[in-house]
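Let us read a structure together, one feature at a time.

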Amino acid sequence: VQLQASGGGLVQPGGSLRLSCAASGFTNDHYAIGWFRQAPGKERELVAAISWSGGSTYYADSVKGRFTISRDNAKNTMYLQMDSLRPEDTAVYYCAAAARVASGPLKYDYWGQGTQVTVSS
């Protein structure tokens, strides 16, 4: 099982980025995906999550209305569209897979390598 996150970079406040998470090697297609982030000196936190069908989603209060999680199961790829970015969104972002949508990182069995997002002028 492999998760490959990409799409991070440097963006000015108010800008947008789209992160991608490519999945491979799953024998069971019915997995939920969560996007976590971790800033220096802070705990890893769940930003958004989506069920396999896409019918169930979760967003942290800090990103509601700005971030959108989605998935294309035909391409085994999940996305995190991030708009109206703020300096406090700066962190390493990770995608992770779990049996179902969950808020705690321990519920996620597989992790991608992380992609850096920096929001700065």
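**Reading the disulfide and the fold**

Q: Are cysteine 21 and cysteine 95 buried or exposed?

A: Burial is judged by relative accessible area, with under 20% as the cut-off. In this predicted model, cysteine 21 and cysteine 95 are both buried.

Q: How many disulfides does a search of the whole structure find?

A: A disulfide is called when two cysteine sulfur atoms lie within 2.5 Å. The search of the whole structure gives 1 disulfide. Its partners are cysteine 21 and cysteine 95, with sulfur atoms 2.2 Å apart. The pair links distant parts of the chain, 74 residues apart. Cysteine 21 sits in strand β3 (residues 17–24) and cysteine 95 in strand β9 (residues 91–98).

Q: What is the hand of the link between cysteine 21 and cysteine 95?

A: Look at the angle about the S-S bond. For cysteine 21 and cysteine 95 that angle is 70°, and the link is right-handed.

Q: Where is serine 20, and which residues is serine 20 in contact with?

A: Start with the element, then turn to the surroundings. Serine 20 is placed in strand β3. Once neighbours within four places in sequence are set aside, the contacts of serine 20 are Gln4, Ala5, Ser6, Trp35, Thr77, Met78 and Tyr79.

Q: Why does serine 20 count as buried?

A: Compare its value with the cut-off of under 20%. Serine 20 has 17% relative accessibility, so it counts as buried.

Q: How many helices and strands are in the chain?

A: Count each kind of element, then read their order. The chain contains 11 strands and 0 helices. Its pattern along the sequence is β-β-β-β-β-β-β-β-β-β-β. The radius of gyration is 13 Å, close to the 14 Å given by the globule rule for 121 residues, so the chain is as compact as a globular protein of that length. The C-alpha trace spans about 45 × 30 × 25 Å along its principal axes.

Q: What share of the residues of the chain count as buried, and what share of contacts join residues at least 24 apart?

A: These are two separate totals. Of the 121 residues, 43% count as buried. Of the contacts between residues at least 6 apart in sequence, 56% join residues at least 24 apart.

Q: What does the accessible surface come to, and how many positive and negative side chains does the chain have?

A: Take the area, then the charges. The accessible surface is about 6300 Å², and 46% of it belongs to carbon and sulfur atoms. The chain carries 11 positive and 9 negative side chains, and the centres of these two sets are 1 Å apart.

Terms used:
Residues numbered from 1 in each chain as written. Predicted model: local features only at pLDDT ≥ 70, side-chain atom pairs only at ≥ 80, totals over all residues. Heavy atoms only, no water. Helix = DSSP H or I, 4+ residues; strand = E, 2+ residues; numbered from the N terminus. Buried < 20%, exposed > 50% of the residue type's maximum accessible area, 1.4 Å probe, protein only. Rg over C-alpha atoms; globule rule 2.2 N^0.38 Å. Contact = heavy atoms within 4.5 Å. Areas by Shrake-Rupley, 256 points an atom, 1.4 Å probe, with all protein chains shown as cover. Lys, Arg positive; Asp, Glu negative; His and termini not counted. Charge placed at Lys NZ, Arg CZ, Asp CG, Glu CD.
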